[in-house]
Amino acid sequence: MSKRTAALIGGGHNGLVCAFYLARAGFDVTVFERRGVVGGAAVTESFHPGFRNSVASYTVSLLAPHIIADMRLHERGLRILERPLSNFLPLSDTQFLKLGGGLARTQAEVAKYSAKDAAALPAYYARLDAMGDLLRELSRRTPPDLLSPSRSLPRAWAQARLLNGLNAVQKRDLLALFTQSAAEFLDAWFESDPVKTAFGFDAVVGHFDSPYSPGSAYVLLHHTFGGVNGKKGIWGHAVGGMGAITQAMARACEAHGVVLRTDSPVARVQVNQGRATGVQLEDGSRFSADLVAANVNPHLLFTRMVDAADLPADFAQRMAHYKSHSGTLRMNVALSELPSFTCLPNTGPALAEHHASGIIMAPSLAYMDRAHQDARAFGWSRQPIVEMLIPSSVDDSLAPPGQHVASLFCQHFAYTLPDGQTWDDCREQAADLVTDTVTRWAPNFKRSVLGRMVLTPLDLERTFGLVGGDIFHGVMSLNQMWAARPVLGHGDHRAPIAGLYLCGSGTHPGGGVSGLPGYNAAREIRRDHSAWAALKFALAGE
């Protein structure tokens, strides 16, 4: 009996994960990637002579441990170093806040601003961790089809049992996190603005919204359910950059016979009598397959790669209005020296622990709210939110000796600009504003810049296929999450075309370098193409 063939569109990390699990299950898999390298947005590239960096995705935490183990990524060269601190927040010329390094140390830092908040930390972490544990479990399960519950009754029942296993306090926490704003949620826990700011930043990362907007509390939670090297809730640096992750994944795929075709952009999904039968590339060549899995934004897939005539009218209409906008500008900067912050100046060339942490330049939730209001009114914030990581502080392979690279992840920069402007007109102006913003906190920063790479929302779309510049392949709002991601009735990774599947971040459990959308999609494909697998997964409620 011949192997079933699978064509995968998009060689980002989720596509590679899906390809690996399908190949391991006996499928004949070919991945089509439009760029010259696999990895999607998780790649390491040279951006200035002598300097390399993770040019788009820049830090790791959400990558599922079982995927790391199954793909043997550590054995294939991946090393992840934990941040010594979670985050460092300059608050004024004299004040700052450090998070991480253990509970006692974080409490001591928080106590500088509020003894009450320091005392509240253990309960806050425990309650959020309980929600993180639930999210970890749900994230690796396929959501039930709520339009046809009888078709996915075992899944619905198993996930209902998980939710029913929560106590009353946890159920109320879950409701709050899915419906409240981050500010409202944090107000119930803390009294000091610096502490609420430190935790509230996660609510606007890659999310074009205010921390005062309903639903932003979930984005905060989404960024906490990961971990590094078996330690929950922390973040780390991949040695060699984020490309080290996807290159190890590529090696795992090739070891199982996956064919990786770069410089092979897909133009169309071939559909015959309601079934996907392969792909057509932009050069006109065709590749026939028993099934197609797409690791691209659902809007891109269903408005550009599939004929509307092959889709149900309501589905096509909803995909046309699928929301994708993260409001992100990304910069990679080559530095002659480390930033020296006014509130915590360098005492020499030696590294300090805060240089290896996430450095958040946004001193209050009100500042974040104004940044969002500005972006809505003017296209970008006049005082943007900037997170800076300096990966060369722990990885000397990225820059020449004594010099450094910095990743600047900046919010809020709208995809669509007012008055007919385009990002091609405004790119350098926006980048100068970001540079000046960092220099406000670290006066030596601007003069230390040797070179920079600027990726506006438009550049992120052009280069990496991130529609609207959306790093999550779609807004993570309540109407685009879980069983409704990307649309209600198709949260199980199946398109309304037989044999066409979705395996990217536009499906459950959403964005971030987790690999879980690819893992979950591969399981559903195996279920559809193996009677034994279908029975096994049904009995397990997966």
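Q: If buried means under 20% relative accessible area, exposed means over 50%, and partly exposed lies in between (1.4 Å probe, protein chains only), is Glu 109 buried or exposed?

A: Glu 109 has a relative accessible area of 14%, so it counts as buried. The structure is a predicted model, in which local features need pLDDT of at least 70 and side-chain atom pairs count only at pLDDT 80 or more, while totals for chains, interfaces and linings use all residues. Residues are numbered from 1 along each chain as its sequence is written, and side-chain values use heavy atoms, with hydrogens and water left out.

Q: With which residue does Glu 109 form a salt bridge?

A: A salt bridge is a side-chain nitrogen of Lys or Arg within 4 Å of a carboxyl oxygen of Asp or Glu. Glu 109 is paired in this way with Lys 112, the closest N and O atoms being 3.3 Å apart; Lys 112, at a relative accessible area of 44%, is partly exposed, whereas Glu 109 is buried.

Q: Which distant parts of the chain does the pair of Asp 129 and Lys 232 link?

A: Helices (H or I, at least four residues) and strands (E, at least two) are DSSP runs, numbered from the N terminus. Asp 129 and Lys 232 meet through their side chains in a salt bridge of 3.2 Å, N to O, and the pair joins helix 4, which holds Asp 129, to strand 9 (residues 231–232), which holds Lys 232, across 103 residues of sequence. Both partners are partly exposed, because the relative accessible area is 28% for Asp 129 and 44% for Lys 232.

Q: How many residues apart are Arg 318 and Asp 314, and in which helix do they lie?

A: Both sit in helix 12 (residues 313–320), 4 residues apart, which is about one turn of the helix. Elsewhere, salt bridges that share partners join Asp 492, Arg 494, Arg 523, Glu 524, Arg 527 and Asp 528 into one network.

Q: Which leucines form a nonpolar patch on the surface?

A: Patches are made of residues with over 30% relative accessible area and no salt bridge, like charges being joined within 9 Å and nonpolar side chains (Val, Leu, Ile, Met, Phe, Trp, Tyr) within 5 Å. Accessible areas come from the Shrake-Rupley method with a 1.4 Å probe, and for residues only the protein chains shown count as cover. Here Leu 146, Leu 147 and Leu 488 form such a patch, with about 280 Å² of accessible area together. Leu 147, in the loop between helix 4 (115–139) and helix 5 (153–164), counts as exposed because its relative accessibility is 55%.

Q: Where is the place of Met 71, and which residues does Met 71 touch?

A: Met 71 is in the loop between helix 2 (65–70) and strand 5 (80–82), and it counts as buried, at 0% relative accessibility. Taking contact as heavy atoms within 4.5 Å, and not counting residues up to four places away in sequence, Met 71 touches Leu 16, Val 17, Phe 20, Arg 76, Met 249, Ala 252 and Cys 253.

Q: Why is helix 8 largely enclosed by the rest of the structure?

A: Helix 8 (residues 193–200) is largely enclosed because 7 of its 8 residues are buried, including Pro 194, Lys 196 and Phe 199.

Q: How many disulfides does a search of the whole structure find?

A: A disulfide is a covalent bond between the sulfur atoms of two cysteines, taken here as a pair of cysteine sulfur atoms within 2.5 Å. The search finds 0 disulfides. The sulfur of Cys 343 is too far for a bond, because the closest cysteine sulfur, in Cys 410, is 18 Å away. Cys 503 is in no disulfide either, the nearest cysteine sulfur, that of Cys 18, being 4.3 Å away; Cys 503 is buried, with a relative accessible area of 0%.

Q: How many helices and strands are there in the chain?

A: The chain has 18 helices and 21 strands. Its radius of gyration, taken over C-alpha atoms, is judged by the globule rule of 2.2 Å times the number of residues to the power 0.38; the value is 23 Å, close to the 24 Å that the rule gives for 542 residues, so the chain is as compact as a globular protein of that length. Of the 542 residues, 60% count as buried, and among contacts between residues at least 6 apart in sequence, 71% join residues at least 24 apart.
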